[in-house]
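I opened the notebook on this entry to look up how each chain is built and how the chains meet. My notes follow in the order in which I looked.

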Amino acid sequence: MNLLQELLEPTGDPDGWRAYGDDQKERVGFFTDTSVCIGCKACEVACKEWNLIPEDGRVWTGESYDHTSQLGANTWRHVAFVEQRKPLVGDGNGDGGTGLRWLMESDVCKHCTHAACLDVCPTGSLFRTEFGTVVVQQDICNGCGYCVPACPFGVLDKRHIEATTDPPPAFLGRKQDGRVWKCTLCYDRLKGGHEPACAKACPTKSIQFGPLEELRERADARLAKLEADGWNGAQLYGRDPDDGVGGFGAFFLLLDEPEVYGLPPDPVVTTRDLPEMWANMVAAAGTLLVGVAALTLLGRRG
Amino acid sequence: MSEKLHPLSGLNGKPPGTTSWSGSITEAGSEMRSYYGRPIVKEPTWTWEIPAYFFTGGLAGASAVLSTGAKLAGNEKLSKTALYVGAAADLVSPILLISDLGRPERFHHMLRVIKVTSPMNIGSWVLLVSGGASNTAAVLELLGWLKPVKLLAEGVSTLAGPLLATYTGVLVADTAIPVWHEGRHELPWIFGASAVASAGAAAAIFVPPGDAGPARRLAIAGVLAEGGLMQAMELRLGNLGEVYHEGEAGKLSWAAKGLAAAGAALLATRGRKSRTSAVVGGALVCAGEVCLRWAVYKAGFQSARDPKYVVESQRERIERDGTKATTEPGDSPASPSRGA
């Protein structure tokens, strides 16, 4: 019965389908307000420190101040830097006259309401916590990598560098970690009643942590203020519970279109279309069975 | 001193310091509708074992059906050959899959849940049932033991086989990779047709022409069907479909068409008379099917690598529907042939 229900509603109900009962907590998340981000990368550092994320090489990209480039197995907060020949407010009169603006955005796992990574995970390693967040259980993950291309934001990745904990057995002769890693929204800190490391470290309150409902209200008020002050391109991204992933648990206030920051403009949880895909596959399989039988049984033997 | 550059660095091939001071500044609203051209979705971490498995899994699944069909038609030689080919392919398949895992020793974690939202999980169960049944049947056939059990095993693998041959289409379609997800209507059919072609071709290699009529028909029908279905998918994909004409996917796509068509033509014209032609034709079709699986696999990587495929298809959808997507399946993604 449960299976049938999952089949009919594959993306599930994040509040109901994991029955935490009395242990269920209020859904929490991040509101990342990029209008006050100063690009200090304290979030990146705090995240790496707290979560013991190993160093994966130092590179010089030549892309403004960004040398981490993208989220992945070893980068769970990533600060994007965009330099634009466009004033921050209005036509730029009275703001110093450079006509330039420098956009910074601290990207993170979106902890989607309908999370494709969680849906497609074949082992049940990815799960929804009592806080409504999405976490990989490292003792379960077998590194199949299905979640990696399933995520519409390219958040998850396999760790290819040497394992720092729980290494693979010696008989395999490999040292690579081989598991998938991503932001846990500091599950351990949440359990201890603390806010996530990145939010704690953020000096400008660009990263705000709290109950999702409260964050949405705060974001609406902030957007209204920026719009009233004439800021260019201010928009909320992932705030709407009716979007293609049912709203983000970690959403953003951006100052340009999402793709400028390397984010998809209109993400959809791929499993939304899975019932249709399964039906289509059953039709194909049935056709194969009948077709092969017909071609084998009818016609000449030689 | 050589500075190690990031593999995705915009400076690849250029030494640091050769960009002008204003290298990162962009004109607002101008060309930069991506973040330094970096990918939005991640390329799969899968390696060669996965497309190889798409081939072996398809071969195993369709061979099981061919074996039973031939048995019902009283063609024992063809039936046994297809049974053994299918069992061998079913045996190789899990080895390929386990070898691709980041943590192979945890392969059995696939079977700690049953999860219909995960095509990989369902596929693992299907492969377990199908492979278990076909190998049981093959071993009992070899030994001549327990006929009723063998018949039961054959029945199970005949029913599981078509699922094994087609679910891999859903597996790749159920991702955020644009060219795979938007190809979801055709992919299970294409993989099914490719499976039929390879099963027929493999049997045509091993069975004397006098008994291989059905095998040749399957190979030819499979090649024709997959050709038409690939065209249909490319039509639906619109701009996204260009990855099937570019880079590695483009080359593989052409190789797939050429090899499969040549093989099918050879089987059709000379496959009945000449054993050599049957062997060569069958081998060509099999090679074509391997290339087809690899073409689809590589097309996915290419469409993940360039952010324009993600951005353009989503922007087009917003423009066409006049609204953003929701979690209701109603607002179907970019697919011109389904447009209102």
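This is a predicted model: local features need pLDDT of at least 70, side-chain atom pairs count only at pLDDT 80 or more; totals for chains, interfaces and linings use all residues.

Read along the sequence, chain B runs β-α-α-α-α-α-α-α-α-α-α. My tally for chain B is therefore 10 helices and one strand, with helices and strands taken as DSSP runs. I then looked up burial: 55% of the 340 residues of chain B count as buried. For contacts in chain B with a separation of 6 or more, I noted that 73% are between residues 24 or more positions apart.

Next I turned to chain A. I found eight helices and 10 strands there. Of its 302 residues, 54% count as buried. Taking contacts in chain A between residues at least 6 apart in sequence, I noted that 65% join residues at least 24 apart. The C-alpha trace of chain A spans about 85 × 50 × 45 Å along its principal axes.

I then followed one sheet of chain A. Four strands form it, in the order S8-S1-S10-S9 (chain A), and the sheet is open with mixed pairing. Which strands stand at the edges? They are S8 (207–211) and S9 (235–237) of chain A; each has a single partner strand, so one side of each lacks a neighbour in the sheet. On average, neighbouring strands of this sheet are turned by 20° against each other, direction ignored.

S1 of chain A, residues 28–33, is joined to S8(A) by five bridges, and the two run antiparallel. Within this pair, I found Gly29(A) opposite Gly210(A) of S8(A).

What lies across these strands? I found helix H7 of chain A, residues 212–228, lying across S1, S8, S9 and S10 (250–254) of chain A. The helix runs at about 135° to S8(A).

Last, I looked up where the chains meet. I noted 98 residues of chain B in contact with 85 residues of chain A. The elements giving two or more residues to the chain B side include strand S1 (25–27), helix H1 (49–72), helix H3 (119–143) and helix H10 (307–321) of chain B. Which element gives the largest share of that side? It is H4(B), with eight residues. I also sorted the chain B residues that touch chain A by type: 51 are nonpolar, 28 polar and 19 charged.

How values were computed. Residues are numbered from 1 along each chain as its sequence is written. Chains are lettered from A and ligands numbered from 1 in the order in which they are written. Two residues are in contact if their C-beta atoms, placed from the backbone, lie within 7 Å. Ala, Val, Leu, Ile, Met, Phe, Trp, Tyr, Cys and Pro count as nonpolar, Asp, Glu, Lys and Arg as charged, and the others, Gly among them, as polar. A residue is buried if 20 or more other C-beta atoms lie within 10 Å of its own, exposed if 12 or fewer, and partly exposed in between; C-beta atoms are placed from the backbone. Two strands pair if DSSP finds at least two bridges between them. Axes are lines fitted to C-alpha atoms, for helices over the stretch in contact, and angles run from 0 to 180 degrees between N-to-C directions.
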